2 protein chains.
Amino acid sequence: MSKLLQDVVGELTKLPGVGRRTALRLAIHILKMEPESVKDMTRSIDRFKSEVRHCAKCNNLSDEEICPICQDKERDHSTICVVEQIADVLSIENTRQYKGLYHVLGGVISPMQGIAPSDLKIDLLCDRIAQGGVKEVIVAISTSVEGETTLFYLMNRLRQFPGLKITSIARGIGFGDELEYVDELTITHALMNRRVIE
Amino acid sequence: MSKLLQDVVGELTKLPGVGRRTALRLAIHILKMEPESVKDMTRSIDRFKSEVRHCAKCNNLSDEEICPICQDKERDHSTICVVEQIADVLSIENTRQYKGLYHVLGGVISPMQGIAPSDLKIDLLCDRIAQGGVKEVIVAISTSVEGETTLFYLMNRLRQFPGLKITSIARGIGFGDELEYVDELTITHALMNRRVIE
């Protein structure tokens with residue numbers, strides 16, 4: 001087997017969800033692509049890796065010191081939505097319904113994986129709130145054991161700000177989900193938090 | 001959304017089976033990788049794309065003019081196994097049972113996709129055989145309509161070599177396949193080509 005092919009297959013298996021078979025398929029596809037197109041791809045990966053950074057305010061990915069969302073004067077700077085990771089910001093932005101700012105923790109507290117509160121951007125969040133102007137913090141982190149631990153820790157830290165409204169995104173049955181396949185905990189929560197139909 | 005992230009996501013969706021969601025997941029994984037590791041990956045892709053070539057004898061991928069398989073004096077140079085594509089060579093090599101040489105056609109005849117016999121390395125195969133020393137050609141191309149057309153065309157071309165043995169790999173029920181889920185054509189062939197148990 002060609003050494004160059006072996007190398008590229010080995011390197012591509014570093015990516016998540018890419019085994020040897022998939023890597024081989026990707027390599028053979030790369031072989032058929034236009035040389036300029038391959039160059040554009042590798043160049044964009046290199047630039048992304050070396051130039052992208054985290055917004056100094058919200059910790060979201062950014063090309064500059066402060067990300068476009070934090071810089072946007074049209075957005076509601078009195079509301080901050082706290083999420084675990086960068087992908088969550090994109091999911092919420094895709095709804096085009098939220099007009100406030102974000103704060104990316106960079107994970108959840110997990111003793112198992114060695115992630116302590118100090119590894120997350122919680123101090124940065126408190127600094128932002130301490131500067132004033134923030135009225136509401138919406139917590140949008142997952143309902144896993146780690147997520148709940150993080151929520152508990154976060155609540156303790158945020159209580160130091162009197163008058164700050166702290167909310168959590170609604171939990172319930174997703175649109176299109178069939179009750180038959182929804183787990184008991186979600187159904188229990190959805191029943192407890194039922195709403196009057198107006 | 002960060003322009004650099006947007007770029008890398010757009011570029012990664014050029015790969016087969018990679019949609020926007022997967023591209024985003026890959027980008028976020030790249031973000032967490034060691035910078036040197038990312039550089040190794042993009043460098044190996046660039047080198048593969050610019051330096052790899054096709055063996056002048058068998059059309060398999062090669063780092064040099066002639067691939068290691070064709071150069072190997074230990075292998076049986078009197079037998080050539082004809083396959084559609086590079087991946088097929090790797091599949092057969094993985095069995096470690098075949099000791100002859102290969103010939104990669106580079107596809108199958110397909111009027112629908114505009115692939116004519118002249119687009120395949122059939123002339124190159126005939127040239128190899130014309131040089132003498134080849135006793136058997138094993139045809140290992142797929143049993144699709146295009147594959148059968150290619151086989152038919154190939155047979156006509158190979159008949160010009162008197163004494164050349166032309167064989168086809170056995171068709172039948174795969175190991176581990178359950179009869180219940182095997183298509184009728186395969187079962188029909190497997191029944192017709194049944195063998196006496198010795």
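Lys39(B) is partly exposed, having a relative accessible area of 33%. In this model, which is predicted rather than determined by experiment, the side chain of Lys39(B) meets that of Asp46(A) in a salt bridge, with a distance of 3.0 Å from N to O. Side chains of opposite charge can pair when their charged atoms come close. The rule finds 2 salt bridges across the interface of chain A and chain B, and the count of residue pairs in polar contact between these two chains, with both residues at pLDDT 80 or more, is 20.

On the side of chain A that touches chain B, at least two residues each come from helix H1 (3-12), H2, helix H3 (35-51), strand S2 (61-62) and helix H5 (86-95) of chain A. Of the elements in chain A, H3(A) gives the most to this side, with 14 residues. By residue class, the side of chain A that touches chain B divides into 24 nonpolar, 6 polar and 14 charged residues.

How much area is buried between chain A and chain B? The value is about 4400 Å², and carbon and sulfur atoms give 75% of it. Within chain A, the residues that lose the most area to chain B are Leu4(A), Phe48(A) and Lys49(A), which together account for 17% of what that side buries. In terms of residues, the contact takes 44 from chain A and 44 from chain B.

The largest nonpolar core has 74 residues, of which Leu5(A), Ile30(A), Phe48(A), Leu5(B), Ile30(B) and Phe48(B) touch the most other members. Helix H2 (residues 20-32) of chain A gives the most to this core, supplying 7 residues. Once its neighbours within four places in sequence are left aside, Ile30(B) is in contact with Leu15(A), Ile45(A), Phe48(A) and Lys49(A) from chain A, and with Leu12(B), Val38(B) and Met41(B) from chain B.

Neighbours within four places in sequence aside, the residues in contact with His103(B) include Lys57(B), Cys58(B), Ile80(B), Cys81(B), Val82(B), Val83(B), Leu124(B) and Leu125(B).

Over all chains, the structure holds 16 salt bridges. One of them joins the side chains of Glu11(A) and Lys14(A), at 2.5 Å from N to O; Glu11(A) counts as buried because its relative accessibility is 17%, under the 20% limit, whereas Lys14(A), with a relative accessible area of 28%, is partly exposed. In chain B, the side chains of Asp7(B) and Lys3(B) meet in a salt bridge at 3.2 Å from N to O. Asp7(B) and Lys3(B) are 4 residues apart in helix H1 (residues 3-12) of chain B, so about one helical turn separates them. Asp7(B) is partly exposed at a relative accessible area of 29%, and Lys3(B) likewise counts as partly exposed at 49% relative accessibility. Back in chain A, a network of salt bridges links Glu36(A), Asp40(A) and Arg43(A).

Terms used. Residues are numbered from 1 along each chain as its sequence is written. Chains are lettered from A and ligands numbered from 1 in the order in which they are written. This is a predicted model: local features need pLDDT of at least 70, side-chain atom pairs count only at pLDDT 80 or more; totals for chains, interfaces and linings use all residues. Side-chain values use heavy atoms; hydrogens and water are left out. A nonpolar core is a set of buried Ala, Val, Leu, Ile, Met, Phe, Trp, Tyr and Cys residues joined through side-chain atoms within 4.5 Å. Buried means under 20% relative accessible area, exposed over 50%, partly exposed in between (1.4 Å probe, protein chains only). Contact means heavy atoms within 4.5 Å. Buried area is the accessible area (1.4 Å probe) that two parts lose on being put together, summed over both. A salt bridge is a side-chain nitrogen of Lys or Arg within 4 Å of a carboxyl oxygen of Asp or Glu. A polar contact is a pair of N or O atoms within 3.5 Å; within protein, one must be able to donate a hydrogen and the other to accept it, and residues adjacent in sequence count only if both atoms are side-chain atoms. Ala, Val, Leu, Ile, Met, Phe, Trp, Tyr, Cys and Pro count as nonpolar, Asp, Glu, Lys and Arg as charged, and the others, Gly among them, as polar.
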